[in-house]
Amino acid sequence: MEIRKVGIVGAGQMGAGIAEVLAIGGYPVYLADVDEQQLERALATIAENLERSVEKQRLTPAEAKAARARISSGLGYEGFRDCQLAIEAAFEDEAVKRSILKKLCDVLPTDAIITTNTSTLSVTRLAAQTDRPPRFLGTHFMNPVQKLELVELIRGIATSEDTFRTVRDFILSLNKTPISAEDFPAFIVHRILMPMINEAIYALYEGVGSVISIDTAMKLGTHHPMGPLELADFIGLDTCLIAMHNLHEGLADTKYRPCPLLVKYVEAGWLGRKAGRGFYDYSGSEPVPTR
Ligand code: NAD
């Protein structure tokens, strides 16, 4: 099947980033969210990013204008009626995703494919909530979507080979690199990344090092472009905690227990960059370590 128009549910960090990349790639996109302000913020961010791409000469003004014109948006599901692909990118909450999938199945053409951007939930279990498990797949884009080339493709147990190939070719058409991961909690990238971040928080909690020593150690000692605590703040500490909970529950192994300090920060609302405070304080012109 040829993918000509794509619908996205969830205009958060990921949904907005995916919409931007698809529109630049030439695909008409319908972006939906329950929150009107969130939609407005997403469209404003996309417009700013497109402008910046013109300034940096990555896009011509005409290309940027055409990309923006390919994005339509709304609170309802009507825009999905003529889509060949719907990408679910709402909160990492199974009940939320379940209700979205039901609504999508009601409006999408029967042969349309649905994918989920879930980081940690079972693709097979989400597929079972739909009327089309053979046409359901995980497409795990990375954050920021505009910059990172990788997309993990995760088959549910019932995903057909046709669906996998159609989506893989679609991802390749966006100049992204798809890799295949099995349907285990957190797939490949987060299975490795989240326990590393959690371990860095344990190192801080146990006093092995300060925020600066831990981040400097990993940047200069292993050539990571960001330290693990800086990265945790960037991803969002709530997202990191959910990922650790899902790994802990899904793999039933105590080695994945979330660090109590991570739990405390989330309870305090210190969620990282988006909250203005996490392992760093972002209220000034430069981030200042908080421990
Ligand atoms: P986010 O909180 O930035 O955005 C989620 C959006 O979903 C919000 O705009 C919210 O209003 C919307 N939403 C919630 N319920 C909805 C509903 N019923 N219908 C329509 N929209 C609804 O989250 P995010 O970081 O963009 O993550 C989205 C998904 O992508 C999650 O599954 C997450 O695990 C995954 N993911 C996140 C990252 C990351 O680094 N943030 C990376 C890869 C994958």
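Modeller: **Helix 7 and its neighbours**

Helix 7 packs against helix 8 (residues 211-222) at an angle of about 140 degrees, and their axes are 9 Å apart. Before we go on, a word on the source: this is a predicted model, in which local features need pLDDT of at least 70 and side-chain atom pairs count only at pLDDT 80 or more, while totals for chains, interfaces and linings use all residues. Residues are numbered from 1 along each chain as its sequence is written, and side-chain values use heavy atoms, with hydrogens and water left out.

Helices (H or I, at least four residues) are DSSP runs, as are strands (E, at least two), and both are numbered from the N terminus. Axes are lines fitted to C-alpha atoms, for helices over the stretch in contact, and angles run from 0 to 180 degrees between N-to-C directions.

Helix 7 and helix 8 are therefore oblique to each other; angles under 35 degrees count as roughly parallel, over 145 as roughly antiparallel, 65 to 115 as roughly perpendicular and the rest as oblique. Their crossing is right-handed, meaning that the near helix is turned clockwise from the far one by less than a right angle. On the helix 7 side, Met196, Ala200, Ala203 and Leu204 meet Val211, Ile214 and Met218 of helix 8, where contact means heavy atoms within 4.5 Å. This contact has seven nonpolar residues, no polar and no charged ones. Here Ala, Val, Leu, Ile, Met, Phe, Trp, Tyr, Cys and Pro count as nonpolar, Asp, Glu, Lys and Arg as charged, and the others, Gly among them, as polar.

Now follow helix 7 (residues 189-205) to another partner, helix 9 (residues 228-235): the two pack at an angle of about 120 degrees, with axes 9 Å apart. That angle makes helix 7 oblique to helix 9. Helix 7 passes helix 9 in a left-handed crossing. From helix 7, the contact uses Leu193, Met194, Met196, Ile197, Ala200, Ile201 and Leu204, and from helix 9 it uses Pro228, Leu229, Leu231, Ala232 and Ile235. By class, the contact of helix 7 with helix 9 has 12 nonpolar, no polar and no charged residues.

If you trace the chain, look for Met196, Ala200 and Leu204 of helix 7: they take part in the contact with helix 8 and also in the contact with helix 9.
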